[in-house]
Each structure stands twice: as C-alpha cells, then as structure tokens.
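The following paragraphs lead through a single model, from its overall architecture to individual residues. Please keep the sequence and the coordinates in view while reading.

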Amino acid sequence: MVAPNVKAETMRLMDRRSALEAEMDAIIAALSAPGGAGITGSLVDAEGFPRADIDIPAALAQRRKLGELRNDHKDVTNKIEKNLEVLHSTKLTRNEQSIPRSSGISAPSHGGLSRNDPMEEDLVTRLPFAMIDDIADGSPAALDGLLLGDEIVKFGSVETGGRLQERLVSEALSNEDNQVSLLIIRQGSPMNLTITPRKWHGRGLMGCHFRIL
C-alpha cells in the first residue's frame with residue numbers, strides 16, 4: 001500500500017531532519033560562543049589582516065559545513081512536504097471510496113482528518129510542523145508542561161499550511177486565559193497536552209518560542 005510506505009519514509013525523513021538540526025545547532029553554538037568567529041561577519045581585522053583571536057581555517061570549515069547542512073535541511077523539508085501532500089491525497093481518496101454512491105452524501109471537498117478513523121488520522125498527525133527551541137523558566141508554557149525540544153503536531157486549530165508562525169501567535173492571542181489543546185511528540189512518543197496562554201512577568205502569553213520545521 002502506498003500510504004504506509006510513504007508514511008514510513010516520511011518518518012525516516014523527519015529523523016534525518018532532526019539529526020541535521022542537531023548538527024546545525026552544535027555548529028551555531030560553537031561559532032556564537034564567546035571568542036567565536038560568529039555565524040557571519042568579517043574574519044579580518046580593521047587593517048585587513050586575518051584576525052589573530054580566532055582559528056580562521058576552523059571557522060571557515062564550520063561556516064561551509066553549516067551552509068551544506070542548511071541546504072540538506074531544505075531538501076529534506078521539501079521531500080517531507082511532498083509526502084504530506086500524498087498522504088492527504090490518499091486519505092481523501094479513501095474517504096470518497098468509503099461513501100456509498102446511493103447514500104446521497106457528497107464526498108468531502110476538504111482535507112480535514114476524520115475523528116472516527118485513528119489509523120488514517122495517524123498518517124498525518126504524527127508529523128510535527130514546529131519545535132520548542134526556547135522556553136523560559138516560570139512561563140505559562142513551562143508551568144503547563146511544555147519542554148524544550150517538544151515537537152508540535154497540532155496547536156489548537158493550527159496544524160499545517162502557510163503562515164504558521166503568524167497563525168500560532170493569533171491562536172494564542174485569541175485564546176488568552178483559555179485552554180488550548182496540543183498534540184506533541186516528545187522523545188518520539190505522541191502526547192496530548194493543554195496550555196493556557198496568559199499574562200505573566202515575562203514576554204508574550206506563553207514564554208516559549210516555536211521554530212517552524
């Protein structure tokens with residue numbers, strides 16, 4: 001069957017993308033550390049001589065590797081998006097085939113997931129679109145159970161599509177002081193969670209940052 005094979009391939013691609021992100025994060029941390037060369041910026045001093053305070057060959061190698069990893073990350077992400085389209089298309093086809101022609105019921109014209117078919121829902125919902133890459137101590141996100149590295153599959157009404165960062169902010173603002181249901185993946189396992197966006201002593205309503213995958 002096509003869908004299970006595509007799903008398996010997509011999960012492998014997700015693992016690959018996570019490995020790439022971990023490698024990129026390590027390089028960024030090294031370049032951004034005190035005394036580091038920085039991700040960008042000149043490697044020569046004001047007089048045009050190579051900077052004596054850094055290892056220039058190592059910095060060049062790290063920057064080059066980071067560029068290669070970013071290109072690989074983009075390629076993997078594009079493959080994941082194409083597989084998602086296949087999975088959505090497969091689900092729509094199966095839904096249409098499951099409706100008797102004599103029932104008089106029109107086939108759904110949208111890509112919403114069926115709540116009555118957990119196997120079909122699982123094909124898509126296990127694929128996260130964002131990851132928590134920063135979370136403040138004592139923030140609503142931390143107090144309500146989110147952890148650094150949690151991958152977001154669903155945040156309220158936000159799942160996949162365009163303008164994800166903007167839609168996440170809008171979802172939080174429109175649900176201030178109300179519970180928002182989340183589906184996350186933590187260390188490879190799916191989990192349901194609720195968070196209540198609310199004012200606190202820090203910035204925003206949740207105190208965390210979503211990195212779009």
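Along the sequence, the secondary structure of the protein chain runs in the order α-α-α-β-α-β-α-β-β-β, amounting to 5 helices and 5 strands. Helices (H or I, at least four residues) and strands (E, at least two) are DSSP runs, numbered from the N terminus. The model is a predicted one, in which local features need pLDDT of at least 70 and side-chain atom pairs count only at pLDDT 80 or more, while totals for chains, interfaces and linings use all residues. Residues are numbered from 1 along each chain as its sequence is written, and side-chain values use heavy atoms, with hydrogens and water left out.

Confidence is expressed as pLDDT, the predictor's confidence in each residue, from 0 to 100. The protein chain has a mean pLDDT of 79, with 79% of its residues at 70 or more. Helix 4 (residues 140-143) has the highest confidence, at 94, whereas helix 3 (residues 118-125) has the lowest, at a mean of 42. The pLDDT lies below 50 over residues 101-125, a stretch with 35 contacts in the model beyond near neighbours in sequence. Where pLDDT is low, predicted coordinates should not be read in detail.

Of the 213 residues in the protein chain, 34% are buried; buried means under 20% relative accessible area, exposed over 50%, and partly exposed in between (1.4 Å probe, protein chains only). The accessible surface comes to about 12,700 Å², and carbon and sulfur atoms contribute 52% of this area. Such areas come from the Shrake-Rupley method with a 1.4 Å probe; for residues, only the protein chains shown count as cover. Among contacts (heavy atoms within 4.5 Å) with a separation of 6 or more, 60% join residues 24 or more positions apart.

Which residues does Thr77 touch, not counting residues up to four places away in sequence? Thr77, located in helix 2 (residues 56-98), touches Arg17 and Leu213. Its side chain makes a polar contact with the side chain of Arg17 (3.3 Å). A polar contact is a pair of N or O atoms within 3.5 Å; within protein, one must be able to donate a hydrogen and the other to accept it, and residues adjacent in sequence count only if both atoms are side-chain atoms. Thr77 counts as buried because its relative accessible area is 11%.

Arg163, in the loop between strand 2 (151-155) and helix 5 (164-174), has a positive phi near 50 degrees although it is a residue other than glycine. Asp177, in the loop between helix 5 and strand 3 (180-186), is likewise not a glycine and has a positive phi of about 70 degrees. Arg163 is exposed because its relative accessibility is 56%, and Asp177 is exposed at 53%.
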